[in-house]
Amino acid sequence: AQGSGCTVTPLPFREGGPGGVGLRDADTVVVFGVGMLGLTACAWLDALGHTPVACDVSAERLAQAARFGAKHAATPEQIPGLVQALTGGRGADAALE
């Protein structure tokens with residue numbers, strides 16, 4: 001019906017934000033897909049002191065992710081090299097999709 005809607009809340013946010021999924025301070029977290037939920041994840045991760053790395057095929061979405069707290073942004077083809085460079089070869093601490 002007109003004027004009605006629903007809100008979908010991903011489990012990690014319902015359970016207290018990304019910290020609810022076992023992240024530690026300053027972890028590097030790759031966010032795959034930076035639509036509405038991915039942007040929210042970047043904002044939460046940044047606010048909690050983590051390093052969000054946005055990954056998307058859209059240059060427009062990657063630019064928007066930077067405004068929502070993503071510290072780095074890359075296309076799927078670029079993400080492996082970027083993450084290796086950022087973490088000294090260790091890899092990301094976590095990934096959200």
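Me: Which residues does Ala-54 touch, not counting residues up to four places away in sequence?

Reply: Contact means heavy atoms within 4.5 Å. By that rule, Ala-54 touches Val-31, Val-34, Cys-42, Leu-62, Ala-65, Ala-70, His-72, Ala-73, Ala-74 and Ile-79, leaving aside residues up to four places away in sequence. The model is predicted, so local features need pLDDT of at least 70 and side-chain atom pairs count only at pLDDT 80 or more, while totals for chains, interfaces and linings use all residues. Residues are numbered from 1 along each chain as its sequence is written, and side-chain values use heavy atoms, with hydrogens and water left out.

Me: Which residues touch the most other members of the largest nonpolar core?

Reply: In soluble globular proteins, nonpolar side chains tend to be buried together. A nonpolar core is a set of buried (under 20% relative accessible area, 1.4 Å probe, protein chains only) Ala, Val, Leu, Ile, Met, Phe, Trp, Tyr and Cys residues joined through side-chain atoms within 4.5 Å. Here the largest core has 14 residues, and Val-29, Val-31, Val-34, Cys-42, Leu-45, Ala-54 and Ala-65 touch the most other members. At least two residues each come from strand 1 (28-32), helix 2 (36-47), helix 3 (59-67) and strand 4 (94-96). Helix 2 contributes the most, four residues. Apart from this core lies another, of six residues, including Val-30, Cys-55, Ala-74 and Ile-79.

Me: In what order do the elements of the protein chain run from the N terminus on?

Reply: Helices (H or I, at least four residues) and strands (E, at least two) are DSSP runs, numbered from the N terminus. The protein chain has four helices and four strands, in the order α-β-α-β-α-β-α-β.

Me: What percentage of the 97 residues in the protein chain is buried?

Reply: Buried residues account for 33% of the 97.

Definitions and conventions. Buried means under 20% relative accessible area, exposed over 50%, partly exposed in between (1.4 Å probe, protein chains only).
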